[in-house]
Amino acid sequence: ELELVQNAFFTDPNDQSAWFYHRWLLGRADPQDALRCLHVSRDEACLTVSFSRPILVGSGTETLLLMVDESPLAVEWRTPDGRTRPSHVWLCDLPAASLNDQLPQHTFRVIWTAGDAQKECVLLKGRQEGWCRDSATDEQLFRCELSVEKSTVLQSELESCKELQELEPENKWCLLTIILLMRALDPLLYEKETLQYFQTLKAVDPMRAAYLDDLRSKFLVENSVLKMEYAEVRVLHLGHKDLTVLCHLEQLLLVTHLDLSHNRLRALPPALAALRCLEVLQANDNTIESLDGVANLPRLRELSLCNNRLQQPTVLQPLVSCPKLVLLHLQGNPLCQAVGASEHLAELLPSINSI
């Protein structure tokens, strides 16, 4: 089948049906349902769990069972952004008895009945948080789990596509397939080369420049998450990457510091509420006009939004829901020129020490 489809796109490289069939041949089945991360916070008296796909928890939909020290506990599940819709991340409040610091430890287990999956974590005495997660590096969440044999096939396909690209340097299907094959083989090894191919692809297919920018952003976020996990840190640097979109935020449940500065972001999405451990968020030098996503972040202490496009003090209303926010940087935004802006901000956000 691969020989057949290769003959097809060497014969007529602009026939997209051959490229679609080629991608399907090398595709993978949907991954198994799984609980990716389980996090318990003593300070917030809260348990948060992230899933491999968006789910809707509630009456007549998905069922989650919470076991605390092997006893079932009835809780109310909600999404971080407060919206009743399918979400990767769900959380619940915990009663004080389940966080009693007199006991040496507490064991929390969430069972996802529909997905036939579960995950367990332990909160030790004297600790403020406990977690258990699947690593993006171990699970290869962003690419196929490849055997040596299949990797050899993909490498062969990549070489064939590069050979065709030399003959047809402006064929968009060939360029896109090369990028996808590199992602499947080794996203970090081919990162620099992939970015060069994106540049070429945007030049030959300008009508889809915005789509390609978003796809490039998605791949760069994935690579940054992999690098962060290899380094075993909870700090994620996404600055100076020319990002147009944020994705995979459900993978960042444990991140404490996030740098999004010097990109092309126009908004911070509601999914940002999934970052339950986030303490410092830097998003300077973007084109942000809306802060709808910066809400219900229980640990956020410092937020830097210099040189964006925030027009009126009212756009900061979502920050009221961040109880620990004490430091806010807003220099270089149009709202700084508004008459009475300082008084309005002080009235809107009385708990913030420094604006």
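Among contacts between residues at least 6 apart in sequence, 54% join residues at least 24 apart. The model is a predicted one. Its secondary structure comprises eight helices and 13 strands. The C-alpha trace extends over about 70 × 60 × 40 Å along the principal axes. The protein has 355 residues, of which 49% count as buried.

Helix α7 covers residues 209-231. With 23 residues at 1.5 Å a residue, α7 should span 33 Å. The C-alpha atoms at its ends are 33 Å apart, so expectation and model agree. E232 follows α7 and has a positive phi, near 55°.

Helix packing was examined for α2 and α5. Helix α2 is formed by residues 16-25 and helix α5 by residues 172-185. Their axes come within 11 Å and cross at roughly 10°. Because angles under 35 degrees count as roughly parallel, α2 is classed as roughly parallel to α5. On the α2 side, the contact is made by Q16, W19, F20, H22 and R23. On the α5 side, W173, C174, L176, T177 and L180 take part. By residue type, the contact of α2 with α5 divides into six nonpolar, three polar and one charged.

Salt bridges were searched for across the whole structure, and 21 were found. One of them pairs R234 with E129, with the closest N and O atoms 3.0 Å apart. This pair links distant parts of the chain. R234 sits in the loop between α7 and β9 (235-237). E129 belongs to strand β8, residues 129-133.

The side chains of K227 and E191 meet at 3.0 Å, N to O. K227 lies in α7 and E191 in helix α6 (residues 191-204), so the bridge ties together parts 36 residues apart in sequence. The two partners fall into separate accessibility classes. K227 is partly exposed, at 38% relative accessibility. E191 is buried, because its relative accessibility is 17% and the limit for buried is under 20%.

Loop residues also form a bridge. R301 and E279 meet through their side chains in a salt bridge of 3.4 Å, N to O. R301 is placed in the loop between β11 (280-282) and β12 (302-304). E279 is placed in the loop between β10 (257-259) and β11. The pair therefore joins parts that are 22 residues apart in sequence. R301 counts as partly exposed, at 36% relative accessibility. E279 is partly exposed too, with a relative accessible area of 22%.

The loop between β10 and β11 also holds A271. A271 counts as partly exposed, with a relative accessibility of 40%.

Notes:
Residues are numbered from 1 along each chain as its sequence is written. This is a predicted model: local features need pLDDT of at least 70, side-chain atom pairs count only at pLDDT 80 or more; totals for chains, interfaces and linings use all residues. Side-chain values use heavy atoms; hydrogens and water are left out. Helices (H or I, at least four residues) and strands (E, at least two) are DSSP runs, numbered from the N terminus. The expected span of a helix is 1.5 Å times one less than its number of residues. A salt bridge is a side-chain nitrogen of Lys or Arg within 4 Å of a carboxyl oxygen of Asp or Glu. Buried means under 20% relative accessible area, exposed over 50%, partly exposed in between (1.4 Å probe, protein chains only). Axes are lines fitted to C-alpha atoms, for helices over the stretch in contact, and angles run from 0 to 180 degrees between N-to-C directions. Angles under 35 degrees count as roughly parallel, over 145 as roughly antiparallel, 65 to 115 as roughly perpendicular and the rest as oblique. Contact means heavy atoms within 4.5 Å. Ala, Val, Leu, Ile, Met, Phe, Trp, Tyr, Cys and Pro count as nonpolar, Asp, Glu, Lys and Arg as charged, and the others, Gly among them, as polar.
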